[in-house]
Amino acid sequence: MKKFMKSILPFVLIVTLCAFVLIACSDPGAPEHKIDPVYTVTEKDTLDNLKEFMTGRENRTTFSENEKNAAEYLNAKMLGLGLDSEIHDFTVSENEVSDLQSQNVVAKLLAPNHTKNTKNVIIGAYYDNRFSSPYNGASGDRSPAALNGGTGVAAVMSVAQYLAEHRATLGLKFDVTFVFFGAGYYSAAGARAFYEKMSGADLDNTVLMVEMQRLGCDHVYAFSDARETKRETFFDGVAKASGLDVYKATQKSPLITGATSLKGVPYYQWAHNGLFGVFFNNNIPTLNLVGANWETADMSNAESKDHENISFTSKDSLDTVLKLYPDCGKKMATACTLIVNSLASADFIEVMEYDKNNFPETDILNKDWIWYLVVLGFVMIAFAVMTVASYMIGKKHPIEMPKPIKMKMAVFGMDYEDQQSDDIFIDLRDPFAPNDEIFPGIENNARSSRAKSADDVFSLQHESGDSDATQSADIDGNDKSDDDPFDTKGD
């Protein structure tokens, strides 16, 4: 066993090292095209909207009056852009939390020739936070949530502002619905309330849901699906054509098996987290635009490689965000420009409809027994490889083993001496047996003499010429000397 373990240990170390190297050296999420952006939505617009939203609204605690006040501000902004906007109230009663009130702000930019069959795109972000305790038993984090909430709101506002101002020249042939989700910090309650209120026609007509969150960090990531889709290629093409610095989630964003938040995807990545999952899980194509840095060595859900995360802490204030992320406005403008330029593309609706009509169905991958078989297969392959490697290493570098000494049990008087020097014979006879027969009833087995005394049990006297006299050879095949205490040879 020790030989086997020594043989496979180098192999195991090599495999482990290779696994880390493959992860560390895998393709980064960074874009492969030249970064030379021309922002459709400007950096100034995004920063102005962020500063305006955060001023006086640091406390937007879920289910509170402050959350409602923030919703009224957002609704007024959408109405000021000429959009059809209203507040949708809903009640949360689950998980021992009952009769808590929140609200979504829903604003619509309708196509010029809107009909009941007009396609629709949803663009949204959550606007609440947990500055104080949202309900009895819950804790607050005293976080103004400027980065983790505020930047998403500002980005949605900036896209809405641009589309409203350029609706005549853009000539969009589909509706765009802007949603600011309440109770986003409580199990995506606002997103679920919005989805449950959608009619059958709304569900049929909606071809894309876009979420914008935590923008302003080191990188902007665009996540569509863990599986191959047309829209991922489409958004990559738009980013390339616009020279945008948009990243993709890769294996450096860890694959956490045994946990999943998206239907049909049997593992969890940081990019899977968000309100968009409510729509994704109901076969509506989605796009998650999120700020992060998933290129770090520890593969954590990092915001930046230069400092610790500020989300969900009191440090997540407007001043801190602008200080730590001086390019925050550019990151928001990158996400906004990607959306606006995508909506303006001639083949946008065609691609989104294709993905909706061909939504990947891989639910079987969520079955535990499938992964048990996969793991078993990997174990069998690993065992086979290690066995072969062990055999080859053992053949090339054999280990010399000591030759075992043969032990033979024999009864004196029988023909046992085979002249092999490696043999050792042990006399098991009792020298004090009460009679002269070793095996009573068997001919020619009489004992010739008895031991002289108990102190000299090995010194047996035999009659001269006795055919069954006992002889003992040493391990070299030579007779022992007369003064050898183990000598059993007769006089």
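Visitor: How many helices and strands does the protein chain have?

Guide: There are 13 helices and 12 strands in the protein chain.

Visitor: Which residues touch the most other members of the largest nonpolar core?

Guide: First, the general idea: in soluble globular proteins, nonpolar side chains tend to be buried together. Here, the largest nonpolar core holds 66 residues, and Ile 123, Leu 163, Phe 178 and Met 212 touch the most other members. Helix H4, residues 146-165, is the top contributor to this core, giving 12 residues. Apart from this core lies another, with 30 residues, including Tyr 126 and Leu 275.

Visitor: What is Phe 178 in contact with, beyond its neighbours within four places in sequence?

Guide: Its partners there include Leu 83, Val 105, Ile 123, Val 156 and Leu 163.

Visitor: Is helix H11 mostly covered or mostly open?

Guide: Mostly covered, since 14 of the 16 residues in H11 are buried. H11 runs over residues 328-343 and spans 23 Å from its first C-alpha to its last, close to the expected 22 Å.

Visitor: Where does pLDDT stay under 50?

Guide: The general idea is that where pLDDT is low, the predicted coordinates should not be read in detail. In this model, pLDDT stays under 50 over residues 16-24 and also over residues 456-491. For the protein chain, the mean pLDDT is 82, with 73% of its residues at 70 or more.

Methods. Residues numbered from 1 in each chain as written. Predicted model: local features only at pLDDT ≥ 70, side-chain atom pairs only at ≥ 80, totals over all residues. Heavy atoms only, no water. pLDDT = per-residue confidence, 0-100. Contact = heavy atoms within 4.5 Å. Core = buried A, V, L, I, M, F, W, Y, C linked by side-chain atoms within 4.5 Å. Buried < 20%, exposed > 50% of the residue type's maximum accessible area, 1.4 Å probe, protein only. Helix = DSSP H or I, 4+ residues; strand = E, 2+ residues; numbered from the N terminus. Expected span 1.5 Å × (residues − 1).
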